[in-house]
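Okay, thanks for coming, everyone. Let me put the structure up, and then I'll walk you through a few spots.

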Amino acid sequence: MSEPASEPSLDEQIAAYQREFQDLDPQVEKVVSALSRLNRRMNVAYGRQTSALGMSNAEWEVLKALVLSGAPYRMGPGELAKRLGLTPAAMTHRIDRMVAEGLVTRERDESNRVRVIVELTDEGRGKWLEAMRMASVFEEELLQDLSGAERAALGEMLTRLLRRVEHAQPDAGGRLAGLD
């Protein structure tokens, strides 16, 4: 069995791109490629952490959305689906798994019997808190070589980039059909 091919360094990648596309700005490409690789590797690390807790990244996203909604950590499945960029059917499947695992409950809204409410359980909140603790350790290690001022500056720069993308691509918050 052969070993998987190693990924070229950023400099090697940029040199190859420049060879094939002379109009490439190497500074822009270095930033964008580094962000892309960092995002991919961070997602793998977070996936390992949630897996160690017995849940998927998909379940983590639901727990996060419920926590972000604020106490009492309740939302309708349609609102959750929209927030996460999922179809209603995919959201129903995810909620079914999470109810079975004791992470959330699904009940009829007493004030509107047609409406269903998904609510975070104590177990779900506990898993969310443990995932946050694990992520905090990983993130602190990730940024350990940056001073407080560098962290603040990087955070501001990345936030500016994010705002630009959000303005240019307002529909790109969740998964887009056909791009998965």
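So, is M157 buried, partly exposed or exposed? With buried meaning under 20% relative accessible area, exposed over 50% and partly exposed in between (1.4 Å probe, protein chains only), M157 counts as partly exposed because its relative accessibility is 44%. Bear in mind that this is a predicted model: local features need pLDDT of at least 70, side-chain atom pairs count only at pLDDT 80 or more, and totals for chains, interfaces and linings use all residues. Residues are numbered from 1 along each chain as its sequence is written, and side-chain values use heavy atoms, with hydrogens and water left out.

M157 sits in helix α7; helices (H or I, at least four residues) and strands (E, at least two) are DSSP runs, numbered from the N terminus. M157 also belongs to a nonpolar surface patch, along with V28, V31, V32, L35, L154, L158 and L161. α2 (26-52) and α7 (148-168) each give that patch at least two residues.

Now the inside. Skipping neighbours within four places in sequence, V62 is in contact (heavy atoms within 4.5 Å) with L80, L84, M91, R94 and M98.

Last stop: S111, in the loop between β2 (104-109) and β3 (112-120). S111 is exposed, because its relative accessible area is 69%.

Notes: Patch = residues over 30% accessible without salt bridge, like charges linked within 9 Å, V, L, I, M, F, W, Y side chains within 5 Å. Areas by Shrake-Rupley, 256 points an atom, 1.4 Å probe, with all protein chains shown as cover. Salt bridge = Lys/Arg side-chain N within 4 Å of Asp/Glu carboxyl O.
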